[in-house]
Amino acid sequence: ILTASMAGAGCQRWRWGLMLALCGAGVAFVQPGRKSSLPRLYHWDLLPSGSEPVTASSTQTTCMRGAFACGAVLLVTWKQGRSRAASVQHRPRHMASCLARWAGSRFKLDGPEGPFVLVSSALIGISTGLAVVAFELSIKTFEGFREEMPFPIAAPILGALILAAVFTAFGGKEGLAGTDVASLKSYASQGAKPPANWPLRAAGNALSSAVTLGFGNSLGPEAPAAVLGANVAFGLGKVFSIFGEKQESGGECEAEECKIEDGSACLSDPEDKALVEKAMAGSKVVASLPGEDFDNLLQYFTQVEVKAGENIMTKGDEVADDDPGLFVTKSGKLDVYVLGGDGQEKKVFSYAKSGELVGELAVLFRAPRAATVRAATDAVLWTVSRKAFEACGGRSEGSMARMNQNPDALLASGAAAGVAAGFNAPIAGIFFAAEVIRPSSDNSLDLTTRLLAAALSAAVVQSIFPGGPAISATEFKWSGGNLELGLFLLLGVATGFISYGFKKVFASTRDLAAELGKMGVSSTFLPLAGAAFTVFVSLVCCSRVQFNGFGAVNEVLKDASVPLAKDISNLSLGPMMESGGVGHFGAAALLAMMLLKILTTTWSASTGLVGGTFAPSIQMGACLGAALGRLVEGASFAHSAPTTYIVVGMASMLASNCSVPITSVVLAVELAGGASYQATLPLISGIGVALYVSAVLLPSLLDGLDRDAALKRLEAEASDTGV
């Protein structure tokens, strides 16, 4: 991959060829299953002499290959970028800018394919991976405290008390607001100003979620991980000046407005103003301005007249802040010249029409003029300086990033990286971002960079927490048969009904929580009610409603791997209170666990405990699928492994509860390790039926909604998952 990327970039120098050869040798050396002493370093220890060599797993192979590739490229580009930056008058403010500028000039990578996008996405992936590692370590730390408690089953109440202390430290729960994805999108795309203590709020929300989950409350970590990733992306975007902010003076420019001096004229005539607006409609300058500050920028255009034969810009000239930066032609003809191979000027282009934009890159970048532009006839031009552009809210430093990186797409990359790290499923993270974050003006480059961020994030987590997928579903198989496919369609229908009920219960618990707030219960202490209910259910019915990673889901998968014990029937509820063993959960026990999980999850989320509904939805679907698997166990038409029913139930419930059908399909296949792609037919069938029943059919029959209203509600529910 590295060799192909460099070759495609036009790299032909022998030094790079030698470096690629060395990297290729290193990458080829670490092969899956190959015995080598190299992976010993990966585990941070040195084996005694005489020990058996370690076998490199596929995860270790991926990490080592990534280390070879990323390390070589970043080291060389960093060194070359620093030396190049030192030789120019305006040294880049950030190392990433230095790296991107050097790589762009060396490899001739300009425009949206420029290296800044790849560098920023790589940094987002690595940073998000590290942030998710810290988040998961925090959860594990609190889980350790919970296990050491005299009564671990009551730990959710202690977690709610600690959460109340965190809320109090921030002046109430409202003190942690402003870090959700909707708020981040308003900061990134609309120029809204984030809170002064935004980074502290983001860290506080991550801590709140870690406390909620580490002490066992009935929510999930994937939505907090996605929000954490989006906040990391937003922070890096601010560091690289990818996001602009309105000025303190309410967005008004602070530069001197246009004045009539020395024959210059202001942009006051409606026709001239329309001409400039039309010329700049598709300009990168406008795209880089936050909010509506482009209207303010028009106040600073001045009119200049040039004579035939006069240069308006000369190749190699530095452009000062007060010099004319860009020009819009009003009348006349301009010719563009570059130096040919013989050192003589060669005409390559002409601006002959009114309303053409000339020299906008001087406003965006602190770089010498790339060509000479000379007036072929007398001409009248409108011009504006970089100083006015910056005063109106633009940023020259980092404008390359704004040209090449859609702000919404950058946040989506962070969210994708967060989900990828949480599930160890990079591709599912990409589709999650597309379905939930929904970046505007998405394109193929945005998807590519999102994949890079998600893959690197998952690799970072895997390098610190080695292991396979979070859910063990290795027997995901389907042997075919139309009759059995009908069972999966039936499972989809049942999931649709359960999901519809889940949303109704969720709405009711929110109303109840709102009533408690009206009665004077503080939002700081309301989470205690959610934790107390979870503890009550755990004591009376089943402790599996408490968060334990995906332990409960894996327990259901393990239990379903063997036939139901002879002394237990599908109507038995007793095994819900037991732990250990396999073949103990009948259909009734599984359905009861699902219903209890619905109640504890909806009440926990409604009372203000911090977490998402992804993991709980997966657990609900696993119980429902396992229940159907138990009911058809031993039937002549049921050929598939019980795991298949569980995985289809998980994916269908996730899709219908959170309105993420494509994410659910991809996630199920990734979690199963691609064990059987033939099983995607029942998977897609179950998800499609479940989503239709829960989002369209039942709302139209029971709520009186027409198709358009049902689809609008479905669209709104996609972002109502704790993100």
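Predicted model: local features only at pLDDT ≥ 70, side-chain atom pairs only at ≥ 80, totals over all residues.

User: How far is the sulfur of Cys 542 from the closest cysteine sulfur?

Analyst: For Cys 542 the closest cysteine sulfur is in Cys 541. The separation is too far for a bond. The distance is 8.0 Å.

User: Is Cys 542 buried or exposed?

Analyst: Residues under 20% relative accessible area count as buried. Cys 541 has 26% and is therefore partly exposed. Cys 542 has 1% relative accessibility, so the class for Cys 542 is buried.

User: How many salt bridges does the count come to?

Analyst: The criterion is a side-chain nitrogen of Lys or Arg within 4 Å of a carboxyl oxygen of Asp or Glu. Lys 330 and Asp 272 meet it, with N to O at 3.3 Å. Glu 555 and Arg 544 meet it as well, at 3.0 Å. By this rule the count of salt bridges is eight.

User: How many residues apart in sequence are the parts tied together by the salt bridge of Lys 330 and Asp 272?

Analyst: The side chains of Lys 330 and Asp 272 meet in a salt bridge. Lys 330 lies in strand β5 (residues 324-331) and Asp 272 in helix α11 (residues 270-279), so the pair ties a strand to a helix. Lys 330 is partly exposed at 31% relative accessibility, whereas Asp 272 is buried at 11%. The separation in sequence between Lys 330 and Asp 272 is 58 residues.

User: Where is Arg 544, the salt-bridge partner of Glu 555?

Analyst: The side chains of Glu 555 and Arg 544 meet in a salt bridge. The two are 11 residues apart, with Glu 555 in helix α22 (residues 551-560). Glu 555 counts as partly exposed at 24% relative accessibility, and Arg 544 counts as buried at 10%. Arg 544 is in the loop between α21 (527-540) and α22.

User: Which residues are joined with Arg 630 into one salt-bridge network?

Analyst: Arg 630 forms a salt bridge with Asp 559, the closest N and O atoms being 2.9 Å apart. Arg 630 lies in helix α24 (residues 614-631) and Asp 559 in helix α22, so this pair ties together parts 71 residues apart in sequence. Both Arg 630 and Asp 559 are buried. Through salt bridges that share partners, the residues joined with Arg 630 are Asp 559 and Glu 633.

User: How many of the 20 residues of α23 are buried?

Analyst: Helix α23 covers residues 587-606, and its end C-alpha atoms are 29 Å apart, in agreement with the 28 Å that it should span. Just after α23, Gly 608 takes a positive phi of about 105 degrees. The helix is largely enclosed by the rest of the structure, because the number of buried residues is 16.

User: Where does α27 bend?

Analyst: Helix α27 (residues 680-702) has 23 residues. From first to last C-alpha α27 reaches 31 Å, close to the 33 Å expected. The bend in α27 is about 40 degrees, and its place is Val 693.

User: What separates the C-alpha atoms of Thr 302 and Thr 383?

Analyst: Thr 302 is in strand β3 (residues 302-306) and is partly exposed at 22% relative accessible area. Thr 302 and Thr 383 are 81 residues apart along the chain. Their C-alpha atoms are separated by 5.5 Å.

User: What is the C-alpha separation of Ala 376 and Glu 310?

Analyst: Ala 376 is found in the loop between β9 (372-375) and β10 (379-385). Its relative accessible area is 35%, partly exposed. Ala 376 and Glu 310 are 66 residues apart along the chain. Their C-alpha separation is 8.2 Å.

User: How much accessible area do Ile 427, Phe 431, Leu 451 and Ile 662 have together?

Analyst: Ile 427 is in helix α18 (residues 426-437) and is partly exposed at 40%. Together with Phe 431, Leu 451 and Ile 662, Ile 427 forms a nonpolar patch on the surface. The accessible area of the four together is about 320 Å².

Key:
Residues numbered from 1 in each chain as written. Heavy atoms only, no water. Patch = residues over 30% accessible without salt bridge, like charges linked within 9 Å, V, L, I, M, F, W, Y side chains within 5 Å. Areas by Shrake-Rupley, 256 points an atom, 1.4 Å probe, with all protein chains shown as cover. Helix = DSSP H or I, 4+ residues; strand = E, 2+ residues; numbered from the N terminus. Buried < 20%, exposed > 50% of the residue type's maximum accessible area, 1.4 Å probe, protein only. Disulfide = S-S within 2.5 Å. Expected span 1.5 Å × (residues − 1). Bend = angle between axes of the 7 residues up to and from the residue.
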